[in-house]
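Open the model in your viewer and keep the sequence panel in view. Have a selection tool ready.

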Amino acid sequence: MAFKHKHLLGIQALTPSEIITVLDTAESFYEISTREVKKVPILRGKTIINLFFEPSTRTRSSFELAAKRLSADIVNFNQQTSSAVKGESLKDTILTLEAMNPDAIIIRHSCSGVPHFTTTFCQSHIINAGDGSHEHPTQALLDAFTIRQEKKNFKDLKVTIVGDILHSRVARSNIFLLRKLGARVVLVGPPPLLPLEMKKFGVDIGFNLDRALEGADVIMMLRIQMERQQKNFFPSIREYRNLYSLTEKRFRRAKKKAIIMHPGPINRGVEISADMADSAKSVILKQVENGIAVRMAVLYLLLGGKKREAFA
Ligand code: CP
């Protein structure tokens, strides 16, 4: 099996063939979620902890469903009802949960580097479910799975990523992944939210959305991450909408068969019009559906299991 990692901390550490292995494995798991009985015994006996220190709808629930569909036991940790509110430190919280002998810990945290830090004192497999502005590897993998479903391959695709690039772990993971698989990536957004140093990752940078959309195959819209902004990066939401919102008129600049993606949660009427979010060109809910197959693949590749038997 061409996937030798103990942890999934980011896309940066993966080779193109490891990325393809995850996508191919996800492909084989996709069908399980369409069965009447959506369960196989591949990870029976394994225990997984979903450790989320930041809010989540998609990532947490799809990791939970992925684990359950593989027959693993999963425990959801809720920071607000945990002893963290009594002052227990991050390290003590993780050590306490690790003492219960889980096989894997899935971590989301507002600080970049927490999943990496956790690997220095934990024996479990660690999966990054989003760390600060750093990486969100399973989001990029499910985005790639969705792009491959729609476009077949990545070479020579033009992917335009729009919005708050500076604070976006989704953008960073997608940039690493898409460049590794040979896509052309164009970043566009307001200058304060689009660091020029991103050019070192082999992307093109622009500040004019209309121009960046010309000939795009994939348009990836991003949410403005107010929770990570300590100062005002643009004068007003109205101005942001005028310059960077995806509307039907703007969409016409992209290729006829272009698709619209968004990792969610979306701000309707801010970065994307409601019409565009709900249009036939939007694959936003497909991304959510694909997240389960991709997370099943990640859990399987890291924790092992007897897949052949399970499918028999
Ligand atoms: N895309 C994403 O990470 O969404 P959630 O914050 O709802 O998990």
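The tour goes from a strand to its sheet and then to the ligand.

**Before you start**

This is a predicted model, in which local features need pLDDT of at least 70, side-chain atom pairs count only at pLDDT 80 or more, and totals for chains, interfaces and linings use all residues. Residues are numbered from 1 along each chain as its sequence is written, and side-chain values use heavy atoms, with hydrogens and water left out.

**Stop 1: strand S1**

Select residues 47-52, strand S1. Helices (H or I, at least four residues) and strands (E, at least two) are DSSP runs, numbered from the N terminus. Buried here means under 20% relative accessible area, with a 1.4 Å probe and protein chains only.

**Stop 2**

Two strands count as paired if DSSP finds at least two bridges between them. Pick Leu51: its bridge partner in S2 is Phe77.

The partner of Leu51 in S3 is Ile107. Move to Phe52, which stands opposite Arg108 in S3.

**Stop 3: the crossover**

Show helix H2, residues 58-69. Together S1, H2 and S2 make a right-handed β-α-β unit. To check the hand, point the strands away from you: the path from the first strand over the helix to the second runs clockwise in a right-handed crossover.

**Stop 4: the whole sheet**

Which order do the strands take? Four of them form an open, parallel sheet, S2-S1-S3-S4. The edges are S2 and S4 (125-131), each pairing on one side only. From one strand to the next the twist averages 15°, with axes fitted to C-alpha atoms and angles running from 0 to 180 degrees between N-to-C directions.

**Stop 5: the ligand**

Select the ligand and its surroundings, including Arg108, His136, Gln139, Pro263 and Gly264. A heavy atom within 4 Å is the criterion.

- Ser56: a polar side-chain atom lies 2.6 Å from a ligand oxygen.
- Thr57: a backbone N or O atom lies 2.8 Å from a ligand oxygen.
- Arg58: a backbone N or O atom lies 2.9 Å from a ligand oxygen.

Taken alone, the ligand exposes 260 Å², and the protein buries 91% of that.

Methods
Buried means under 20% relative accessible area, exposed over 50%, partly exposed in between (1.4 Å probe, protein chains only). A polar contact is a pair of N or O atoms within 3.5 Å; within protein, one must be able to donate a hydrogen and the other to accept it, and residues adjacent in sequence count only if both atoms are side-chain atoms. Accessible areas come from the Shrake-Rupley method with a 1.4 Å probe; for residues, only the protein chains shown count as cover.
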